[in-house]
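Reader: I have the sequence and the model open side by side. Take me through the side-chain pairs, the surface and the overall layout, one question at a time.

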Amino acid sequence: MSMNIENLSTKELADLISRANKRKKILAKRRPATQVKAAVAKFLKSTGWDFEELYGKAGPSKPVAAASTESTTTAAAPKARKSTKGRSLGKVPPKYRNPANAKETWAGRGKQPRWLSAETAKGRKLEEFLIK
């Protein structure tokens with residue numbers, strides 16, 4: 001992360017230095033990764049497991065929560081819905097038709113077409129344009 005410190009005020013710069021020093025102290029207290037990996041490997045060996053058996057060759061992709069001794073059959077969290085932005089949802093039949101021009105239709109998705117918004121602005125109801 002790069003930051004242009006030339007435009008910071010004295011107070012902002014002092015705050016940044018303070019936050020950086022706090023972060024530096026936290027990182028200084030951490031044990032080196034090689035020591036932690038060795039400790040984990042030693043623990044796994046003492047329990048009869050090895051890293052590949054638990055996580056596969058690539059290792060964990062997400063941090064693993066603390067193991068629970070209550071139940072081994074827990075339901076998985078529901079998956080988040082995928083975003084529909086940028087993907088086609090498929091074609092649907094039209095619901096509304098312009099009485100002045102039968103070729104102009106609207107399926108009811110997205111922004112109203114100009115002909116329909118002009119007609120509704122005149123006071124006509126949307127139900128009048130429904131295809132029966």
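Reader: How many residues apart in helix 1 are D15 and R19, and what separates them in helical turns?

Author: This is a predicted model, and in it D15 and R19 both sit in helix 1, which covers residues 10-29. An α-helix has 3.6 residues a turn, so residues three or four places apart point the same way. D15 and R19 are four residues apart, and therefore the separation is about one helical turn.

Reader: What is the distance between the closest N and O atoms of D15 and R19?

Author: The cut-off for a salt bridge is a nitrogen within 4 Å of a carboxyl oxygen. D15 and R19 form such a bridge, and their closest N and O atoms are 3.6 Å apart.

Reader: Which residues are linked with E119 in a network of salt bridges?

Author: E119 forms a salt bridge with K122. The side chain of E119 also meets that of R124, at 3.2 Å from N to O. The network of salt bridges links E119 with K122, R124 and E128.

Reader: Are E119 and K122 buried or exposed?

Author: Buried means under 20% relative accessible area. E119 has 17% relative accessibility, so E119 counts as buried. R124, which also bridges to E119, is partly exposed at 34%. K122, at 63%, therefore counts as exposed.

Reader: Which kind of aromatic pair do F51 and Y55 form?

Author: A search of the whole structure finds three aromatic pairs. For F51 and Y55 the centres are 4.8 Å apart and the planes make an angle of 45°. Planes under 30 degrees apart count as stacked and over 60 as edge-to-face. The F51 and Y55 pair is tilted.

Reader: Why are F51 and Y55 separated by about one helical turn, and what is the relative accessible area of Y55?

Author: F51 and Y55 are four residues apart in helix 3, so about one helical turn separates them. F51 counts as partly exposed because its relative accessibility is 31%. Y55 is also partly exposed, and its relative accessible area is 33%.

Reader: Which element gives the largest share of the nonpolar patch?

Author: V36, V40, W49, F51, L54 and Y55 make a nonpolar surface patch of about 500 Å². Helix 2 and helix 3 (51-55) are the elements that give two or more residues to the patch. The largest share, three residues, comes from helix 3.

Reader: In which element does V40 lie, and what is its relative accessibility?

Author: V40 is one of the patch residues, and V40 lies in helix 2. V40 counts as partly exposed because its relative accessibility is 37%.

Reader: How many residues has helix 2, and what is its reach from first C-alpha to last?

Author: Helix 2 covers residues 33-47, which is 15 residues. Just after helix 2, G48 takes a positive phi of about 90°. At 1.5 Å a residue the expected span of helix 2 is 21 Å, and the reach is close to that, at 21 Å.

Reader: Which residues does T105 touch, not counting residues up to four places away in sequence?

Author: T105 lies in strand 2, residues 105-106. T105 has a relative accessible area of 34%, so T105 is partly exposed. K95 is 10 residues from T105 in sequence and 7.4 Å away, C-alpha to C-alpha. The residues T105 touches are P94, Y96, R97 and W115.

Reader: In what order do the elements of the protein run from the N terminus on?

Author: The protein has four helices and two strands. From the N terminus on, their order is α-α-α-β-β-α.

Reader: Of the residues of the protein, what percentage counts as buried?

Author: The protein exposes about 12600 Å², with carbon and sulfur atoms supplying 55% of that area. Among contacts between residues at least 6 apart in sequence, 21% join residues at least 24 apart. Of the 132 residues, the share that counts as buried is 8%.

Notes: Residues are numbered from 1 along each chain as its sequence is written. This is a predicted model: local features need pLDDT of at least 70, side-chain atom pairs count only at pLDDT 80 or more; totals for chains, interfaces and linings use all residues. Side-chain values use heavy atoms; hydrogens and water are left out. The expected span of a helix is 1.5 Å times one less than its number of residues. Patches are made of residues with over 30% relative accessible area and no salt bridge: like charges are joined within 9 Å, nonpolar side chains (Val, Leu, Ile, Met, Phe, Trp, Tyr) within 5 Å. Accessible areas come from the Shrake-Rupley method with a 1.4 Å probe; for residues, only the protein chains shown count as cover. Buried means under 20% relative accessible area, exposed over 50%, partly exposed in between (1.4 Å probe, protein chains only). Contact means heavy atoms within 4.5 Å. Rings of Phe, Tyr and Trp (its six-membered ring) pair if their centres lie within 6.5 Å; planes under 30 degrees apart count as stacked, over 60 as edge-to-face and the rest as tilted.
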